[in-house]
Amino acid sequence: RLADTAAAIEESGKAAKLVSIVYGPGKKASLSDLGLYRLLYQLRTNNEVKAFYNQTLGALASYDKRTAGDLINPLEAYFSCRTNLSEAARRLNLHRNSLLYRVRRIEEVGQVDLQDPEALLALQVALKVRHLLDI
């Protein structure tokens, strides 16, 4: 049916954009390869998801925008390096103490404890949601 074909084409375009966001431009993957992003993609327009993002990362995003600061990118690097400060600092081309300062600012500005497993999970999910809000 034509309507089904049109819907499939639209969904395919969105999936390609999502793969580009997750894996980088020009990369190929199927929706089944996207793990948590598959679920979050389906929920991206839900007001609760947006409220969760704002509650979890809103203060950091506002700080970065207001001060031309850089707290969200170091937070992403921190997680992508499994919370290893030395490795994250190398990835960001920062001195370890500079990253440690930013981690403390993240805790202060975001009013979050980076030793709390629930807070860590919420932040990681919110960072993934962040990539999907513009799709």
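Predicted model: local features only at pLDDT ≥ 70, side-chain atom pairs only at ≥ 80, totals over all residues.
**Exercise 1.** Work out how helices α2 and α7 are oriented to each other, and which residues meet between them.

*Solution.* Start with the geometry: α2 (residues 36-43) packs with α7 at an angle of about 60 degrees, and the axes sit 10 Å apart. Roughly parallel needs an angle under 35 degrees and roughly perpendicular runs from 65 to 115, so α2 and α7 come out as oblique to each other. The handedness is the next step: α2 passes α7 in a right-handed crossing. Now look at the contact itself. From α2 you get L36, Y37, L40 and Y41, which meet V125, K128, V129, H131 and L132 of α7. Sort the residues of this contact by type and you find seven nonpolar, one polar and one charged.

**Exercise 2.** Find which residues of α4 are buried and what they pack against.

*Solution.* Go through α4 (residues 72-80) and pick out the buried ones: I72, P74, L75, A77, Y78 and F79. Then check their partners, which are α3 (47-67), α5 (85-92), α6 (96-110) and α7 (117-132). Finally, step past the end of the helix: R82 follows α4 and has a positive phi, near 55 degrees.

**Exercise 3.** Describe the largest nonpolar core and trace the contacts of L60.

*Solution.* Count first: the core holds 34 residues, and L57, L60, L75 and L114 have the most contacts inside it. Helices α1 (2-23), α2, α3, α4, α5, α6 and α7 each give two or more residues to this core. The largest share is seven residues, from α7. Now zoom in on L60: skipping neighbours within four places in sequence, L60 touches L71, I72, L75, I106, V109 and G110.

Notes. Residues numbered from 1 in each chain as written. Heavy atoms only, no water. Buried < 20%, exposed > 50% of the residue type's maximum accessible area, 1.4 Å probe, protein only. Helix = DSSP H or I, 4+ residues; strand = E, 2+ residues; numbered from the N terminus. Contact = heavy atoms within 4.5 Å. Axes fitted to C-alpha atoms, helices over the stretch in contact; angles between N-to-C directions. Parallel < 35°, antiparallel > 145°, perpendicular 65-115°, else oblique. Left-handed = near helix turned anticlockwise from the far one by under 90°. Nonpolar A, V, L, I, M, F, W, Y, C, P; charged D, E, K, R; others polar. Core = buried A, V, L, I, M, F, W, Y, C linked by side-chain atoms within 4.5 Å.
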